[in-house]
Structures are given as C-alpha cells and as structure tokens.
Amino acid sequence: MAPPAQSQRSPSPSQPSGCVGMLTSEGDLGCGEMAKLVNCSFVFSATQTLGNADKNSDDSNSRNTNPHFGSNRKGEVSDLKMQLRQLAGSRAPGSDDTKRELFKKVISYMTIGIDVSSVFSEMVMCSATSDIVLKKMCYLYVGNYAKHNPDLALLTINFLQRDCKDEDPMIRGLALRSLCSLGVANLVEYLVGPLGSGLKDGSSYVRTIAAVGVLKLYHISASTCVDADFPALLKHLMLKDKDAQVVANCLTSLQEIWSLEASTSEEAAREREALLSKPVIYYFLNRIREFSEWAQCTILDLVSKYVPSDSDEIFDMMNLLEDRLQHANGAVVLATIKVFLHMTLSMTDVHQQVYERIKAPLLTLVSSGSPEQSYAVLSHLHLLVMRAPFIFSSDYKHFYCQYNEPFYVKKLKLEMLTSVANESNTYEIVQLRPKSLGSISVTELCEYVANVDIPMARESIRAVGKIALQQYDVNAIVDRLLQFLEMEKEHVTAETLVLVKDLLRKYPQWSQDCIAVVGNISSKNVQEPKAKAALIWMLGEYAQDMQDSPYILESLIENWDEENSAEVRLHLLTAVMKCFLRRPPETQKALGAALAAGVADFHQDVHDRALFYYRLLQYEVSVAERIVNPPKQAVSVFADTQNNEIKDRIFDEFNSLSVVYQKPSYMFTDKEHQGPFAFSEELGNLSISAEPADSVVAAQRVEENDQDLLLGTSEKEESQGSGNNGSAYSAPSYNTTGAAQPQLDLVSLDQLSTVHTSGSLAIDELLGLGMPAATEPSPAPLPSDLKLNAKASLDPKAFQQKWRQLPVSFSQEISIDPEGVAAMATPQALPQHMQSHSINCIASGGQAPNFKFFFFAQKAEESSSYLVECIINSSSCKVQLKIKADDQSTSQAFSEMFQSVLSKFTLP
Amino acid sequence: MPVAASAIYFLNLRGDVLINRLYRDDVGGNMVDAFRMHIMQTKELGTCPVRQIGGCSFFYMRISNVYIVIVVSSNANVACAFKFVVEAVALFKSYFGGAFDEDAIRNNFVLIYELLDEIMDFGYPQNLSPEILKLYITQEGVRSPFSSKPADKPVPNATLQVTGAVGWRREGLVYKKNEVFLDIVESVNLLMSSKGSVLRCDVTGKVLMKCFLSGMPDLKLGLNDKIGLEKESQLKSRPTKSGKTIELDDVTFHQCVNLTRFNSEKTVSFVPPDGEFELMKYRITEGVNLPFRVLPTIKELGRTRMEVNVKVKSVFGAKMFALGVVIKIPVPKQTAKTSFQVTSGKAKYNPSIDCLVWKIRKFPGQTEPTLSAEVELISTMTEKKSWTRPPIQMEFQVPMFTASGLRVRFLKVWEKSGYNTVEWVRYITKAGSYEIRC
C-alpha cells in the first residue's frame, strides 16, 4: 500500500502542482498533533538503555528524574508506587501531566512483562480524574490485572460504576467496556445493572459497547446473562436501533450466544433459527449499505446460511448484492461470493454463471494488496479452481508466478496452473489443435524448474508430473521429465526420479525410454531417501532391461551400514529379490549379502522383511516368484488425497480458515471436534479402513506382493500431505490393489492380523514374531479387579455400530506425561503399549500435534466391550477421552484402568 | 463470525513484544512464545502467513520492522483478518503522520492502546475510519469535545444519523480555497519470455483523491471507459466521440461511491471524505501500452566470460520522460569483474543482489539506449552447476502516461453554496512487477 502513496508524494518535475505542497502541510498538521506526545517522550526503551532514559525524562518534569533508575526493577516499581501515592490526592495544576508520565511508565512495564500489580491500589486512587487519557490508561491497567487479583478488582468496581453514570457518553462507554472486560466471575452481579442501562443509553456509542458487553458477560457467566434476559433485549435492539454499528454488534453477540446456548436450550436453537428467517434477513439486506465493511461481512455470512424459497427470491437477492462485488474490502467481496455460490448450488446453470461473474473481482483481489491478503484470496480461488477448473482454463496466465512472489503464493498458483492446464488440455486434444494449452503451461512450469529456489523447483516438477499422470497424451511431458534428469542438479534429479517411478507405474509402456535415461544416473549422485528408494525400485522392477542392475544393487548393498533410511533398505531388499528371481546367477551373491544384512538389521520392519524373504525362498522359489514378482498391473488412479465429502465440507465453510488449511474446521478447532459431524466423519473413515481387514488374508498376500507399490503410495501421500499444509487426517482412499490406506493400516492391519486367527501360517507367524506381547497375558497388574480379555476381537463394522448406538458413559480431558507425548513420534508405539494391556487399537490417524485413536477392549469372562475415542494433542499434552461401554456399571472401573495404562505410556 | 480475534501482538524483529492486546480469554497469555518458538525462530518464517500451533491459528504480517500477529482460536475469516491489519496500520499511519515502524510504536504506545480498544471489541472489528476516530481519540487530554455539548454524541456514525447516509464525512467543513487533487496511478505487470513474447501483462490502477472542499459536495467523475461512454451515448442518443475507449476488467470503489447509480447509469458519483483517500481501483488486461521494451542478449562465452547486451526501448511519446528507471540484469554469483559501456545513465555491478544495476534518471520517450557489458567469472570447481538465469527486472515511473490509456474526461463538483473549485489531475505509470526472462 505504501509505494503508490509515496510515489504520489514524490514531486514530479513535469507537474510541480500544489499537490505536493498540500501534502507536506498536512504532514505538518499530523506532526503538530503528535508533538505533545513526542515531547512527553517517555522513552519506552528506558528499561533497556537506562542512560538515555534519564536524559529524556529530564526535560519534561524534574520530579520524574529518578536518581535510582539504575537500580533493580523492584526498586523502580516501588518508587513508582511511592510517587503515585503522593499524587493520589493532589489536585494541583499540572498534576495530571505528572500522573500521565507515571501511568505511561506503569503501562510500558506491563507491556514488556514486568509485574506491576503491586501498584494496583495506587492506580485506582489516582484514577479519580477528569483526564480521559489517564482514565483510559487506568482502565487498561485494571483490565490486565483484575483477572489475577479478584480482590483488588473489587476496588475498581466502585469507580467504574460511577464512571458508567458520567455525563460524558465517551466515559460511560469506556467504563462500561472496562467493567465488562474485568472477567472476574464473582463480580458479575455488579455488571448487570450498568449493562442494562447501557443498552438503553441515549448515546449509540454506549449502546455499541453494551451490546458487546453482553457477550462478554455471557462468557464470564452464561446463567447470569440469560437470567437477566439480555439476549431478548439485544434482539429487540437489533431490530429497532437506528445506529448500524449497534445493530451489527447485537447481531454478532446474539449469533455467538445462541449458537453456544443451542446445545443445551431448545429455545436458543429456535432463536438461532429465527435469525435466519425471511423478515430478519430482509431487514439486514435492505440496510446493508449503512453498515461498516466489517459488519457487512457478518451480515453476508448470516445471509449465506439463509435458504431462499424460490429462484425469483434468489435472483432478487443477487441483484441486490451484486454491487458488493465492487467493494474495496476483499473480505466483503469474498463474503458476497459465498452468498452467491451457496444460494445457487442447486441451480447448475446459474451456478456456472456465478463463477463467471466472480472471476474478475477475485482476480483483481489477488493482484492487489499485500502478499498475505492475496494469499487469503488465492486460497479461495484455489478451492474454486479445483472445483471447476474448466471455467478458469482461459485465465491460466493469471496463475503464472512472478519471480519475487513469496513461496506460499507461488505454490498455490502452481497447483492451480496444474489443474487448469490438465482440463483444457484434454479439451484441446479433442479439438486436435496442434499446440495444446497444457504444453504451454508445462513450458511455463519448466521455467520454474530451472528456478534457483529449491522448494519452488521441486513443486514445479511435481506439478509437471501431476499433469503427466492425469493426461492421456504424455509424450512430450515425459520427454520433459527426462530432460530434467539431464540437468544434473541434485534436487531436480531427486524429485524427478520419484515422479518417473510413479509414471512408470501408470504407463509401463514408457519403460524403455525412461530406463535408458535412468540407467545413466549414478546412484552416488542420489542422496535423498525417497529418490534413492525410487531408483532402487526401478532397478529391481526393470532388472531385465538394465544391464548393470545387479551390480549397482550389489554396490549399494555393500554400503548397507551407511544407509540410514529404513525405507531405502526395505526397497533394497525387495529390489534385490526381484532381481534375483530374474537374473539368478548374477544376483545370488548380492542377495545373500542383503538377506544377511537385513536379518541383522536393528530396524524391525527391515529385519522382518529379510526374514520373510529368506523363509519364502526356503519354502518354495516358485511361490516366492509369485509373491515378489507377479505380473504388474498398471495403476490407473492414484489415491486422491481428499474425498468429496471433505471437499464439500470445506466449500460449505467458504471464507474461513478451513479453505486456507484445506481441511474442514472440525479437524483443527478443538472445540468443534466433539461435534456430531466429526464423529460421523471418523466413522466414515473406519468403515473404509475396515474393508481390507475383512479380507485380510487375501489382502496381505497382495500387499506383500505389492509392498513396494504400497510404500510408493505412502510416500506420495506423505509428500502430498505435507504439500497440502499437512492435512491432519489423511483422508480415506481406496487403492486399486486392495491394499488399505497406509496411515491407518500401519496400525490397524498389524492389530487385526493378531486378532485374526485363521490365515496363511507363514505370514501370521512372521507378523506374530514382531509382537510377542500381543498374545501374552497382560504383564502389568491392573488397578481394579476388572479383567480384560487378552484376545479380544471386534470387527470394525461391529465397532462402528456399537459406537453409534451406545451413549457416552465417560468423557474427560486429562493430561499425560510429556515423555509419553514424546514417544508419540512413532505412531505405532501407543497402540502397542495399549495392546500389552489388552486394549486394542482399531483405527488411528492424525499428524502432530493431533492424534486420534479408537480403542476397544472386552471383559475377560463375558463379551461385553468398551469402546474408547482418544484424542491426543501432543503440544499441550492433553488427552480427550470418550468411553462407551456395553456394561455401564463397570465403565468407571474401565476408565480408571484405561487412564492408568495411558499414564504409564512413556518412552520405551 | 468475521474475525473474533483472541489477541493481537506487535513484535519487533527479535521477537520482543512491543504491544499486545488480549481480547478474549480463550488463548493463553504465552501464545506469543509459541509464535516465537514455532515461527520466528524456525525456517517457517515467511513460508506461510497463516500457521496453526496447538489449537490456535496465527496470522502474521510484516510491516517495515514490525510483525503484527493475530491469534484466533476459532475458524476465523482470514481475508477479513488481514484486511483488518492493513486498515489498522493505515489508521496508525494517519495518526503518526507517516511511517509505521518499531520506533513509531514505542513513541506512541499509549495512543495505540487507545486505538486498539476502539477498533476492535472482544475480537470483532469496530470502526477503523480515521476520519471518525480522530473526532474523539486525541491525545489532547481534555475531556472529549462532546462533553461540552451533551447533545452531540461521540458516535462513530454520529453523522449518519444526521445526514442519513454519509458516515465518512463530517459536516461543516470550510476551506478558503476549494481544491481537488486527482491522481491516476497505474502499475504495469509484465512477464515476457526470452523470445520476446508477452506471457502475461496487466495493469492495476488506482484513482487517488485528495479533497479540500467545503460543505457536503457531490462529485461526478467521468472516465473514457467503454461501458461508461456507451451508456452516456445511449442516454444522450448521440454517437460516442471518436477516441480510445478503455475496457475495464474489474472495478472496485471506495465506500463513498454510490454503487447503485454506478450500476444503473455507469457514472461514478460520490460525496468524498475529507482529505486523502482511494476512490477506485481497477484492473485491465486488454490493450495495454507497454512503456518499455527490453531486448536482452546474453552470451556465455566459455566458462569464465559472459557478454551482456541489453537494449531498452521507450515506446511512449517523445515529449514525455520516464523517471527513476532502474534495470537489474542478473549475473552469476561468481562474477569477478565487469566492464560496461552505456549510451545513457550509469551502470554498476551490485554483488549483494548479483545484478548489474543500470540506472537512468531521466529517460525520454522514443529512444533506445543500450548497455553492453563484459562479465568475467571466477572459474570454480563446481562447473556442472549451470547458472539459472533469473529474469531482468525493471523499475520506472512515467508521469503523464497511462499504460491503459485511461483519461479523466471530467470531474464535476456540485455543492449547494455553489463555490468554484480548482481541480488538479495527474497521471503516473509505474512498474509493478516488470520482468523479462533472459
């Protein structure tokens, strides 16, 4: 915002108009106004540079010069206290100025975090003044310390109540605001009177403050607020008051109060609905121009929830609001867009027209304002582009990145460019035009790959890959990707390798070209685990096409001990196995070395896999061949990161944080996390994760076959997850191979395999090796006589059904040991720990700091089960527990047991 | 729920709290520590202006050497929050009379506390208009001006009640000389490929006004935009005068503009606020006159030498001048020695930004100065790392020129006392992000 104003200020020789002169004179005016402040010159940094402070305070007032300023802060505070006390009763001329100085000092100490609560009573004594600035400072001080010193706060009530009756509306308002902001629960009785009269005050300034004051009171003591019938008063005021700001504040307060109240009171729920009734909505819409831009946002948000009765009404409303799209405040524009989009959701044609209409204002908003503002708008644009890429396909140039834009802006633009390009390209292909739009975008993306900015280059490669994976004609794009490999930049190579791997999985027909190029890459130049794993996968998969494959693998195995990533070692095992099955004589030695190193590996998974391969080979080579090297099927669809339900939910929450985080609000606001929707959503996840579990034997075989593929997917998920601002609960996905969605199955599959008794012996045995504790009786003595079945089993469907039917018998937030939280770094740790106490995990998910687990347990003798939802916030060390039980009478005992088990969870 | 901010913090670059204001109790007092730990002291800083830590979301913005952080615990409206910060800073600036930085905050912290109290209550934005706030937030220390006349209410929208619709203007303003200053400021954004084709080009323009007018004047602004002209010729049933008409992609107006009238009659009519304000913003993508063409040729001669030739062509009228032209031509990091020949201005090598910086203070229209430079590079061991050429960037200001071709056709002032006004109109075109790939 600054540059244009400055440029205007810079005199232009071609027009030395009066403009310049006027500007400076205005500047002078401003300075004059400020002069007083500056002259007072209490220097804020006094506490840091003491010498200066002495000098500066000299000129303003001699009494201020404090010879002991250099002593410790306690001394300073007590000194202040003394001076304030001396001044308290003084009505001498000029005493206000001195007071101001002292007050400023107190406030500045308060700001930098020095405790000045000891001067409370002196401050209150000094507050008997007519100086409004002094009063404000005093209010500020009181507001800051009252909460922690409720006794002292009582002292202030008196003068605040007196000020609430002052003849100056300004002071009445300020006092009322401070009174409501004290936030001390046992003082609420003193609030009701002043608030009541504040709402009826003649001055609208006081009424605006009183309207918010009611909300503050509600947060301190809901019952007092409701008992005093303030909501009804607010409603009356909202519909009758002439002042727009009063009306707006009434609306915000009422919205908040009623939605909080709605969960307990039916009347409040009705009232909340009444806010969305036709007369109320029309009342606001007809006056909307009178409101401030911020209030307009509130009103438009309200309107977006309104359901018009017919299409005529919709058109009337849209016509009325259309000019809001030209508002200078981006928030108003976005709010209007939300209204338009939501209103026309059921009218497909109109909905599309709305998109066309809002395009221009959105694009303007993106290109104006600070990067942060345009980021907020871009996030919304991003959402819309993802919903309807074809509408924006002609605007692809707007998504070109500027060199100096911040990364967060570029990243969103890239994603949009990707999705837009792909859509229009398919269109272009149908039209058989020589040069497709997509390749223009790809060319543009290739520019970014050469970018110095490494994250940017990576993102761009991913974008190119995404376009390739989504299109039918990938010819040119694959060429591009292969060119990236020839750029010989480490990060470019690394990122491209991962992509080439994904490409090969989808388009095996490209293997010849790719392998030729990949074969030339020296594995020494690839350091990143993901890229290395991708390279190794290709070496194993295309062993017969790559001449050197066995030897490269061999040299990699020689450096087994230096390989830090377990993922790479896992891939290495599989690759060498594949290679062996295709070219036995050349690989035999490498395989032996790999299996030996693998079995000796300290990492559990690597160890297990090596052992598994070893026994598989012992058992029957043809079976090994079938399992490790089955005929490959091309992957047609990669797991989508978000399901449609979640996308729709985000769209419902348009113009809020959800859009920026790209996840619905229940996933990041703790308060709403327990809402009914969150709950059903979680169960939705469960039901999907349950499917592979039903066919666990078959699935596992496939999974073992395709383990590398699965890992590949999980990498992809991870990288996308982090790319999408880390979507906490990675959405359920259904892989075509029948394998489960990785994050969930990490835990649940292991778990279920122990629950499942039937199945392939070898696999079961092997997996059983990994978790000896599972079948042993619980080692720790339980705090109560409640005995749990160590071999409890419950299939996910039954869990889901029970969870839905049973009431919550126990719900509490508890704290856990930070050490335990630290152990959360490995997500499997907690389920394993719980399982050793016969509490089984059925599903889990999440990313730091929020983790969510569903556990179940069964009584030893009977089949009565306990279901637990456990949400762990690792940053606050808080756990939210919800327990449901078949047998209510023992739920208390179980919850105690659960908590005691949980509290024992620390670092292994 | 527009914002419902729980707290707002002003931090300096080291992370010290300059000022904080807690509006709600739902976040802990140590939120700022979380911000420091998780954002300021990590690489996170600058990667994303919205972050979630624990259950709270942090919106932050850097303005000069100050971080402004808004903490929310609910699913807040992001656009609104950032707009609020921007508006608040504009308000502070108008109070301080200029810069907004750490020193200004330290010197005016009491005033800022006062303002923070007024502009947001319990996390909801209230009134941020400097015009109105200045009526009752002063540092004069006397009782508010209203106390002498209790009939007057110190309400943000006091005038609204009296006048019906004009919340942004006080009544009873008197100026000896009635003047209006109107500036059209355009920034041209360009992205040109190395082959000289325009990849992306648009103009974002602003109409800035400064009014010193008595009473309650009604203003009407006429531009040579297509829709407005068509509408006018329709109304007056006479054909449009010949001349260039401009198609505006999108327009936004200051709240004072009567949008209903704009939509029906396509005229911009308004009662202006007093002093300086931004009347309208617009965006144009079609028919942009680029003021400069840049033709670079960069040759890498072997591993240690480069030849850079850049020709810059000014394509605006010969009688006009561009001012403060700066052309930044990137060179590799390992540049050792440079030598230049320029036909105009001065050039030097700036190692801190790895650029050859060519400055031309006054650049007449229809000329084409050139720069030819030889760059010697230190030969390094990592020869494989080829140099990725960042784009050439350009800064300039061209007074009395609009890249869009937009012109003010008339500015009418009507006030009931019928005084005469003096109108001043200026045009200026600046470089937004003017990039040429090479």
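## Exercises on salt bridges and strands

A:Glu322 is partly exposed, with a relative accessibility of 29% (buried is under 20% relative accessible area, exposed over 50%, and partly exposed in between, using a 1.4 Å probe and protein chains only). This is a predicted model, in which local features need pLDDT of at least 70 and side-chain atom pairs count only at pLDDT 80 or more, while totals for chains, interfaces and linings use all residues. Residues are numbered from 1 along each chain as its sequence is written, chains are lettered from A and ligands numbered from 1 in the order in which they are written, and side-chain values use heavy atoms, with hydrogens and water left out.

**Exercise 1.** Find which residue A:Glu322 meets in a salt bridge, and where the two partners lie.

*Solution.* Start with the rule: a salt bridge needs a side-chain nitrogen of Lys or Arg within 4 Å of a carboxyl oxygen of Asp or Glu. The partner is A:Arg357, at 2.7 Å from N to O. (Helices, H or I with at least four residues, and strands, E with at least two, are DSSP runs numbered from the N terminus.) Finally, A:Arg357 is itself partly exposed, at 27%.

**Exercise 2.** Work out whether A:Glu541 and A:Lys578 are buried or exposed, and what their salt bridge ties together.

*Solution.* First, the distance from N to O in this salt bridge is 2.9 Å. A:Glu541 belongs to helix H28 (residues 529–541) and A:Lys578 to helix H30 (residues 566–582), so the bridge ties together parts of chain A that are 37 residues apart in sequence. Both residues are buried.

**Exercise 3.** Describe the surroundings of strand S4 (residues 56–63) of chain B and the strands that pair with S4(B).

*Solution.* Begin with burial: 7 of the 8 residues of S4(B) are buried, so the strand is largely enclosed by the rest of the structure. Then look at pairing, which requires at least two DSSP bridges between two strands. On the S3(B) side (residues 50–53), the pairing is antiparallel over 4 bridges, and B:Val50 has B:Phe59 as its bridge partner. With S5(B) (residues 66–72), S4(B) pairs antiparallel over 7 bridges; here B:Arg62 stands opposite B:Tyr67. Last, check the turns. The S3(B)–S4(B) hairpin has 2 residues between the strands, and B:Gly54 takes a positive phi near 60 degrees. The hairpin of S4(B) and S5(B) also has 2 residues between the strands, with B:Ser64 at a positive phi near 45 degrees.
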